[in-house]
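Here's a quick tour for anyone meeting this structure for the first time. Have a look at the sequence and the model, then read on.

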Amino acid sequence: MTTILCVRKGNEVVMAGDGQATLGETVIFKSKSVKVRRIGNGKIIAGFAGAAADGITLIERLEGKLEKHANQLKRAAVELAKDWRMDKYLRQLQAFMIVADRDTSLVISGTGEVMEPDDGIIGIGSGGNYAMAAAKALYDTDMSPEDIARKAMKIAGDIDVYTNHNVIIEKVD
């Protein structure tokens, strides 16, 4: 369980992820898990919620699709979702992903969905709805996307026992 949040506002996009890792009901790491990373020559950020090995596998598969499709994020995401849904091995992977570049933010699931939010805010994981609701409430303020993400992740961490306050933030340049 974890929380990943993506906030797009104006020309900026940030993705935040907490560092907690759990195994069932037990917290394994309080701060060491890295679930948000740069891919696609550093121009795309990706975050995952769910089983760590599954999330990393999906990020690697997405990187392959990005290479094949000249870093076209939407095209690569759709191709990954098709494979994820149809491939016998990939169907077993238990994770969700958020990916973003300077133009697009998407959530990708194993049931074939590739969704782009209308308002530029996406949350996944056990605390995703809490973080997303907080980000939506803060969105119309003068706060930057990074400040919105930090505050929203703090709120999620205060509510969700599977989310901590050790947050990693990546920005799209």
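## Helices α1 and α2

Helices α1 and α2 lie oblique to each other, where oblique covers whatever is left once angles under 35 degrees (roughly parallel), over 145 (roughly antiparallel) and 65 to 115 (roughly perpendicular) are taken out. The axes of α1 (residues 52-68) and α2 (residues 73-86) cross at roughly 130 degrees and come within 9 Å. The crossing is right-handed. On the α1 side, the contact (heavy atoms within 4.5 Å) is made by Leu58, Arg61, Leu62, Lys65 and Leu66. From α2 come Leu73, Ala76, Ala77, Glu79, Leu80, Asp83 and Trp84. Sorted by class, that gives eight nonpolar, no polar and four charged residues.

This is a predicted model, in which local features need pLDDT of at least 70, side-chain atom pairs count only at pLDDT 80 or more, and totals for chains, interfaces and linings use all residues. Residues are numbered from 1 along each chain as its sequence is written, and side-chain values use heavy atoms, with hydrogens and water left out.

## Helices α3 and α4

Now for another pair. The axes of α3 (residues 128-138) and α4 (residues 145-159) come within 8 Å and cross at roughly 140 degrees. That angle makes α3 oblique to α4. Here too, the crossing is right-handed. α3 brings Tyr130, Ala131, Ala134, Ala135 and Leu138 to the contact, while α4 brings Ile148, Lys151, Ala152, Met153, Ile155, Ala156 and Ile159. By class, that's eleven nonpolar, no polar and one charged residues.

## Around Met132

Met132 sits in helix α3. What does Met132 touch, leaving aside its neighbours within four places in sequence? Its contacts are Leu5, Ile121, Ile122 and Gly123. Ile121 is eleven residues from Met132 in sequence, and their C-alpha atoms are 6.6 Å apart.

## Rings

Lys9 lies over the face of Tyr139, 5.5 Å from the ring centre; to count, NZ of Lys has to be within 6 Å of the ring centre and within 35 degrees of the ring normal.

Technical notes
Axes fitted to C-alpha atoms, helices over the stretch in contact; angles between N-to-C directions. Helix = DSSP H or I, 4+ residues; strand = E, 2+ residues; numbered from the N terminus. Left-handed = near helix turned anticlockwise from the far one by under 90°. Nonpolar A, V, L, I, M, F, W, Y, C, P; charged D, E, K, R; others polar.
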